[in-house]
Amino acid sequence: MSDQPRRPRKPAKPYRRPRKDPVRILAFEALRAVDERDAYANLVLPPLLRKAREQEGPERFDTRDAALATELVYGTLRRQGTYDAIVAACIDRPLREVDPPVLDVLGLGVHQLLGTRIPTHAAVSASVELARVVLGDGRAKFVNAVLRKVAQDDLDGWLVRVAPPYDEDPEDHLAVVHSHPRWVVSALWDSLGGGRAGIEELLAADNERPEVTLVARPGRATTDELLGEEAALPGRWSPYAVRLTEGGEPGAVAAVREGRAGVQDEGSQLVARALADAPLDGPDRLWLDGCAGPGGKAALLGALAAERGAALVASEKQPHRAGLVARALAGNPGPYQVIAADGTRPAWRPGSFDRVLVDVPCTGLGALRRRPEARWRRRPEDLDGFAPLQRALLRTALESVRVGGVVGYATCSPHLAETRAVVADVLKQFPDTDLVDARPLLPGVPQLGDGPDVQLWPHLHGTDAMYLALVRRTG
């Protein structure tokens, strides 16, 4: 036994309650809702922010709090694939063995370290405090260890380490660098064509925060009225569009609150306008929106129809979505009718309409800027699930339009299996039809390809990747 005197034991540190950070807790709650309930961030986040703004006391959000929470949620979701690859390089177990709530905290932390200007020490300490609040002290230590490893390099340095070289595997390189699943990279590249520059620009555009675009519904509001609001710029292509600059709130615009204007991507506005302006043989009295929910295109079509003295029928299968359509059309200056009906089992006689639009359900790969979680949620097999419905809706639309009338087939996906393949397959069954060149109906819009159909792109046009084919019945 040693004769050395024992050193006095250091007193234990007193327990410190973790500091609650309302902004990061809200961001974590939004990410959990996306993961656990297959929710969409653009639907989950607004009510959470509204509630936080209505709080009393120090937890009440101001504009800067809301902006930070929004950036944390959307930035983490957009770059999830890249951040997962980096986290995987910093741990000694497969990523699938890490609990999803822990991955969400890590994702928020990595985004603050590599995707924002938040100082390193603040990003790490704030993430560890969040982990203590929502995960407990034990897992907070794990979060701390991982984030300290991540903080040893910047994003470019990490990408060199975790992404395979482009020359060895181009698709996997782009998938890691630009945070898209490999199959989505492949599909977008096939649709876009061309070399490396174009696909890199497209994937990068998918990771940019999209502008909020308003539509001034003709006969109810004007772009001049909307441009009179603060933080507003003219649209690029649509005569009805106004873009809100950063900080602009749609809910602060009187015309939006009153339903005379709405939030609508410029690509969707161009699709509605192109159908409305397509040349017809014969009368122009009755239009159909065959997949009308939630009502944005229906509201614009209804206003355009009213200017021509035409009426609109807006059909939507789901009753609750039909209710949204009715709300969007309320106050329309011309006659309209909203019905809850299955577009593949029409509640109208064949040949009833002069113009028909079907904006069909799809994978949504054209709106990844707005719904970044969709890229991780969708699978290649989803295409097979949508294919029969897309073809059935186009067939019904062609049966519903009279001879000389025009059908617009639209979808918010550039995937060839959801665009040209659908149109080509269905038109084999309708030999008495012609494709109308849609490009002249989008005046001023550049780089529309060889036609006659049109594919819009985020990196070329600043819109969602909307597709449009116009078909005229000739017999």
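Which residues in α18 meet which residues in α19?

Guide: The model is predicted, so local features need pLDDT of at least 70 and side-chain atom pairs pLDDT 80 or more, while totals for chains, interfaces and linings use all residues. Residues are numbered from 1 along each chain as its sequence is written, and side-chain values use heavy atoms, without hydrogens or water.

On the α18 side, the residues are Gln390, Arg391, Leu394, Arg395 and Leu398, and they meet Ala421, Val422, Val423, Asp425, Val426 and Leu427 in α19. Contact means heavy atoms within 4.5 Å. Seven residues of this contact are nonpolar, three are charged and one is polar; Asp, Glu, Lys and Arg count as charged, Ala, Val, Leu, Ile, Met, Phe, Trp, Tyr, Cys and Pro as nonpolar, and the others, including Gly, as polar.

Helix α18 covers residues 382–400 and helix α19 residues 420–427; their axes lie 10 Å apart and form an angle of about 50°. That angle makes α18 oblique to α19 (under 35 degrees is roughly parallel, over 145 roughly antiparallel, 65 to 115 roughly perpendicular, and the rest oblique). The crossing of α18 past α19 is right-handed, a term for a near helix turned clockwise from the far one by less than a right angle.

Seven of its seven residues are buried, so β8 is largely enclosed by the rest of the structure (buried is under 20% relative accessible area, exposed over 50%, and partly exposed in between, with a 1.4 Å probe and protein chains only). Strand β5, residues 286–289, runs parallel to β8 and is joined to it by three bridges; here tryptophan 287 stands opposite arginine 355. Strand β9, residues 401–411, also pairs with β8 in the parallel sense, over six bridges, and aspartate 359 stands opposite alanine 410 in β9. Two strands pair if DSSP finds at least two bridges between them.

The loops deserve attention as well. Most residues other than glycine have a negative phi, and most peptide bonds are trans. In the loop between β5 and α15 (296–308) lies proline 294, which a cis peptide bond with omega of about 0° joins to glycine 293. Another cis peptide bond, with omega of about -5°, joins glycine 451 and proline 452. Proline 452 belongs to the loop between β10 (433–436) and β11 (454–455), where glutamine 447 is also found. Although glutamine 447 is not a glycine, its phi is positive, about 50°, and this residue is exposed, at 54% relative accessible area. A positive phi, near 55°, also occurs in aspartate 38, in the loop between α1 (22–37) and α2 (41–54). Aspartate 38 is partly exposed, with a relative accessible area of 49%.

Finally, consider the whole chain. It contains 20 helices and 12 strands, which are DSSP runs numbered from the N terminus (H or I, at least four residues, for helices; E, at least two, for strands). The C-alpha trace spans about 110 × 55 × 40 Å along its principal axes. Of the 475 residues, 52% count as buried. Among the contacts with a separation of 6 or more, 72% are between residues 24 or more positions apart.

Note on methods:
Axes are lines fitted to C-alpha atoms, for helices over the stretch in contact, and angles run from 0 to 180 degrees between N-to-C directions.
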